[in-house]
Amino acid sequence: CIFAMGVLIVIISGGIDVSFTAVAIFAMYSTVRILNSVMPAAPIWIAFAVSALIGLGLGLFNAFFISRFRLPTLIVTLGTQSMFRGLLLFAIGNKIIRDIPPSMTEFSRATVMEVSMASGGVSKLHPAIFLTLAIALLVFLLLRYTMLGRGIYALGGAREAAERAGFNISRIQYFIYGFVGLLAGIAGLTYGALNRQANPQDIVGTELDVIAAVVLGGATLTGGRGSVIGALLGVALITIMSNSLVLVGVPSE
């Protein structure tokens, strides 16, 4: 869902980003390595901040080529996806880290509420739901009530018309891809914490599911159209199709 909020902004602007999963795993794995080496007792907000900053930097790297050279967004992000993942595996690490910082383990065990199931088990609600809802609300307010949001819709509708209307296209693109990278860093760390391990092979390859969820929610690949509510509904549909039906006993076939 956090990924979907970033992808929604990119698609509304008329672009396609397929590198956000590589950004997420790069940021999460790098953060775990940094914290284990420098400050293993750091609180969870430090971990989120470091991962978000790494993601922001990688997102701005995408933005540089997209904005400066006006290259197709799909081609740029397809290339940087391989670049980021290759750099991660070659220079940072390619082994699964199960000894993650204690703050991440504590975060993974946190519970907002518990519901007893008829089968005798217990279903728990994790506080990450509040992080997800806060990000969704932020994106909703950005797109609905800010001039920057209007610029993102205008860019996706017609770039030339947006330029003539006075929007700074370069700054909008830097914001879009930087913001997507930042959200990917947050999502990556959340994923790593909930799984209680840092696996450099995870996440990459799931980007099409996220894009599909956003498109199912009403966003058009040609840009200029999309909403947070629609993206949330698309994520819910994809989740039900891929996970929840299996959990209630429907065969995966």
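This is a predicted model: local features need pLDDT of at least 70, side-chain atom pairs count only at pLDDT 80 or more; totals for chains, interfaces and linings use all residues.
**View 1**

**View 2. Helix α3 from end to end.** Helix α3 covers residues 44–69, which makes 26 residues. How far apart should its ends be? At 1.5 Å a residue, α3 should span 38 Å.

View 3. Step off the end of α3 and you land on Arg70, which sits in the loop between α3 and α4. Take a look at its backbone: Arg70 has a positive phi of about 55 degrees, even though it is not a glycine. Is Arg70 buried or exposed? Its relative accessibility is 55%, and exposed means over 50%, so Arg70 counts as exposed.

**View 4. Ile203, in another loop.** Now jump to the loop between α9 and α10 (207–216), where Ile203 has its place. Ile203 isn't a glycine either, yet its phi is positive, at about 70 degrees. What about its surroundings? Ile203 has a relative accessible area of 9%, and because buried means under 20%, Ile203 counts as buried.

**View 5. Zooming out to the protein chain.** The protein chain has 11 helices and 2 strands, and along the sequence they follow the pattern α-α-α-α-α-β-β-α-α-α-α-α-α. Its radius of gyration is 19 Å, close to the 18 Å that the globule rule gives for 253 residues, so the protein chain is as compact as a globular protein of that length. The C-alpha trace spans about 60 × 45 × 35 Å along its principal axes. Of the 253 residues, 45% count as buried. Pick out the contacts between residues at least 6 apart in sequence, and 74% of them join residues at least 24 apart.

**View 6. The surface and the charges.** The accessible surface of the protein chain comes to about 12,700 Å², and 65% of that belongs to carbon and sulfur atoms. As for charges, there are 15 positive and 10 negative side chains, with the centres of the two sets 8 Å apart.

Notes. Residues are numbered from 1 along each chain as its sequence is written. Side-chain values use heavy atoms; hydrogens and water are left out. Helices (H or I, at least four residues) and strands (E, at least two) are DSSP runs, numbered from the N terminus. The expected span of a helix is 1.5 Å times one less than its number of residues. The radius of gyration is taken over C-alpha atoms; the globule rule is 2.2 Å times the number of residues to the power 0.38. Buried means under 20% relative accessible area, exposed over 50%, partly exposed in between (1.4 Å probe, protein chains only). Contact means heavy atoms within 4.5 Å. Accessible areas come from the Shrake-Rupley method with a 1.4 Å probe; for residues, only the protein chains shown count as cover. Lys and Arg count as positive and Asp and Glu as negative; His and the chain ends are not counted. The place of a charge is taken as NZ of Lys, CZ of Arg, CG of Asp or CD of Glu.
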